[in-house]
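Hi there,

Here is the structure I promised to pass on to you. Have a look at it first, and then read on for what turned up.

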Amino acid sequence: MDANSLKAFLTIVDQESFSEAAELLHLTQPAISKRLAALENQLGTKLIDRSNRQVRLTDAGARLLPHARRIMDEIHNARQALLDREGAVSGQLSVIASHHIGLHHLPAWLRRLNRDYPEVSLELQFMDSESAFGQMRKRTAELAFVTLSESMDQAFEVYVRWEDAMAFVVSPEHPLASLEHPGLEDLSGYDALLPEAGTATYRTISRLFLDAGLPLKIQMPTNYLETIKMMASVGLGWSVLPVSMVDHSLKVLPVPHSVSRILGGVGLKGRSLSPQARALLDIASELK
């Protein structure tokens, strides 16, 4: 099978649009349609249902999809094996980072990367961790620095990880701030400012309250921790934030429950890393 046709097929599926896939591959829409048609003719079956103006896989397309990804991964690995012989740390590096890591960890890493490897061209995307895993499956980036979770897909390889200690916090003016020994039962009476359901932090806190048989009053969930910090600092509720974010605008509540999350850098199993990706991982391991 022709690699360009397979790439066109995968890009159409991932973008869910012929026009967006064509733009991403720097092709005209007729050209990308022609590549897909050539692949379908070669295989003797339709791969994508074009009815209702929606891109949907046929049964044959769904069966081809994992094989197409593996084939393109092996082509990537073959190219990488040849480039590795040159030993140069240069070229493009696509990275996804969660907003928190992007603000509090990535700047120091990129400063070192730019200093030591000026020939590396960086392409950055910022998004919540759950979205990052989805984008990595589409091969839109080589590395993702995210919050790890127990339910993480086995398709991912964790290259570096570290614990991120967290604390229960409120505004110094919040009623909870005056309690000497606040417990979960005290917190349950006030609004909680937490990331959206499905995130690792939400699951951890939700489990604590569920095990204690206590209600959790969620107020305006958002995945932007800086926004949660602001909302907590003005007294809109209590929250759980990384210790590294706590400053004079917040008071740590001595709740008798230890909370932390695991952050890390991940890639896709079976897909070789470039020298520039390995260089960034080495820096992250040293400076995390």
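T147 counts as buried, with a relative accessibility of 9% (buried means under 20% relative accessible area, exposed over 50%, partly exposed in between, with a 1.4 Å probe and protein chains only). Before going further, please note that this is a predicted model, in which local features need pLDDT of at least 70, side-chain atom pairs count only at pLDDT 80 or more, and totals for chains, interfaces and linings use all residues. Residues are numbered from 1 along each chain as its sequence is written, and side-chain values use heavy atoms, leaving out hydrogens and water.

T147 sits in strand β5, residues 143–147 (strands are DSSP runs of E with at least two residues, helices runs of H or I with at least four, numbered from the N terminus). Its side chain makes a polar contact of 3.5 Å with the side chain of R261 (a pair of N or O atoms within 3.5 Å, one able to donate a hydrogen and the other to accept it; residues adjacent in sequence count only if both atoms are side-chain atoms). Beyond neighbours within four places in sequence, T147 is in contact with residues including S129, F133 and A200 (heavy atoms within 4.5 Å).

**Cavities**

The whole structure holds 2 cavities of 30 Å³ or more (sets of points on a 1 Å grid over the protein atoms alone, where a 1.4 Å probe fits but cannot get out; lining residues have an atom within 4 Å of a point). The largest cavity has a volume of about 200 Å³ (the space filled by probe spheres set on the points, which are joined across faces, edges and corners). T147 and R261 turn up again here: together with S129, T199 and N223, they are the closest to its centre among the 15 lining residues. Helices α5 (99–104), α7 (129–137) and α9 (200–211) each give two or more residues to this lining.

The second largest cavity contains about 50 Å³ of space. Among the residues lining it are M136, R139 and E142.

**Aromatic rings**

There are 5 aromatic pairs in the whole structure (rings of Phe, Tyr and Trp, its six-membered ring, with centres within 6.5 Å; planes under 30 degrees apart are stacked, over 60 edge-to-face, the rest tilted). F168 and W238 form a tilted pair, 6.0 Å centre to centre with 40 degrees between the planes. Because F168 is in strand β6 (residues 156–170) and W238 in strand β9 (residues 238–242), this pair ties together parts 70 residues apart in sequence. F168 is buried at 2% relative accessibility, and W238 is buried at 0%.

Best wishes

Key:
1 Å grid on protein atoms, 1.4 Å probe; cavity = no way out; pocket = protein on both sides within 12 Å on 5 of 7 lines; lining within 4 Å.
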